[in-house]
Amino acid sequence: MKKLILSAVLMTLVLSLTACGSKNSTDTNKETTRVAKDVKGEVEVPANPERIVDLSGASDILHILGYNVVGTANSDGYDYTKFPSYLEKELKDAKILGYSMSDTFDIEAIMALEPDMIVISATQEKIYDQLKEIAPTVMVNMAQVDWRTDFLHVAEVMDKTTEAKEWIADYDKKAKEVAATMKEKFGKDSSYLSFLASAGSIYIFDGAGIGSIFYDDLGLTRPENLPKQENVSLPVVTMEGLAEINSDYIFAVGTEEDLKTLESNKIWKSMPAVKEGKVVILPASPYFNIGYSPIGRLVFLQEVESLLSQINE
């Protein structure tokens, strides 16, 4: 009888320990993973990913939110083998895998980085099934028009909305300070035009790029006859159309070759802002992409006053 009682006690103890171990294992699993809601639905991802590969173009956002990006597609728009200057420090330890607007990437190169999470956009949807076999993969919506919407969307997927709102609030505070200084130094109602000169065409920055920094973030004046941006594509005008945009200050972005062609054009030379020397000339790299990155926008805010001061000296 004593043996039977002892056996029963031992069995109860074993079952209790087993149940306890199972519960601890479940609790631990809940602590190390979470369910993220992305474009495709719900995905179980690490609660605190330590090695993220990002192909979506959101690497700068992920960096701001405190994540370690080991592989990225945030390369320079004019040289896919290097970072734009405003991200060189922030992403220096990440391997460049290509450009975020590409739909395919080297799967073996991604695998070699041993990511614990992968972030893509709809542009890379055709390799989604391959990527999710490597690591949990989320698809974010990068509209490339409203940077705040993109920022907050990525933050929501990563469960970092509070941190994102705090960063944006700090950015807006800085923009307000810069706007006040610019209006005082260069005229309260002065208007600003920015465009990309590329291969004989003129692409106007309005709802995206540098233009949106001027009009949306700084609250500066749009010039008369500025074409409105309807979608992700920048409005395109001829030289005659450019001359019809009456702006006090102009920011011209382009490669060295494109800018030489522009500056030799008779219509360009006849524009009032050009004749008055109120033109800031900027290289295509990094200024074509700078307005599409939260970090790039902050860098531009910090230097725009200086850029304008140089032409007024």
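**Close-up views of a predicted model**

In strand β10, the residue that bridges to Ile202 is Val237. The model shown in these views is predicted, and local features are described only at pLDDT of at least 70, side-chain atom pairs only at pLDDT 80 or more, while totals for chains, interfaces and linings use all residues. Residues are numbered from 1 along each chain as its sequence is written, and side-chain values use heavy atoms, with hydrogens and water left out.

**View 1. The mixed sheet that contains β10.** Five strands make up this open sheet, in the order β10-β9-β8-β11-β12, and their pairing is mixed. Because β10 (236-237) and β12 (279-283) stand at the edges with a single partner strand each, one side of each is left without a neighbour in the sheet. Strand β9 (residues 201-204) runs antiparallel to β10 and is joined to β10 by two bridges. Strands here are DSSP runs of E with at least two residues, and helices are runs of H or I with at least four, both numbered from the N terminus; two strands count as paired if DSSP finds at least two bridges between them.

**View 2. The parallel sheet.** Strand β4 (residues 69-72) pairs with β5 in the parallel sense over two bridges, and within β5 the bridge partner of Gly71 is Lys95.

View 3. The side chains of Lys40 and Glu125 meet in a salt bridge at 3.2 Å, N to O, where the term stands for a side-chain nitrogen of Lys or Arg within 4 Å of a carboxyl oxygen of Asp or Glu. Lys40 lies in the loop between β1 (33-38) and β2 (41-46), and Glu125 in the loop between β6 (117-121) and α4 (128-132), so the pair ties together parts that are 85 residues apart in sequence. Lys40 is partly exposed, with a relative accessible area of 41%, and Glu125 is partly exposed as well, at 42%; on this scale, buried means under 20% relative accessible area, exposed over 50%, and partly exposed in between (1.4 Å probe, protein chains only).

View 4. Lys260 and Glu256 both lie in helix α9 (residues 256-263), four residues apart, which is about one turn of the helix. Their salt bridge has its closest N and O atoms 3.7 Å apart, and both Lys260 and Glu256 are exposed. Elsewhere, salt bridges that share partners join Arg148, Asp172, Asp217 and Arg297 into one network.

View 5. Lys228 is found in the loop between α7 (209-217) and β10, and Lys228 is exposed, with a relative accessible area of 52%. Although Lys228 and Asp206 are 22 residues apart in sequence, their C-alpha atoms are 6.5 Å apart in space. Lys269, placed in helix α10 (residues 266-270), is partly exposed at a relative accessible area of 48%. Lys269 and Ala243 are separated by 26 residues in sequence and by 9.7 Å in space, C-alpha to C-alpha.
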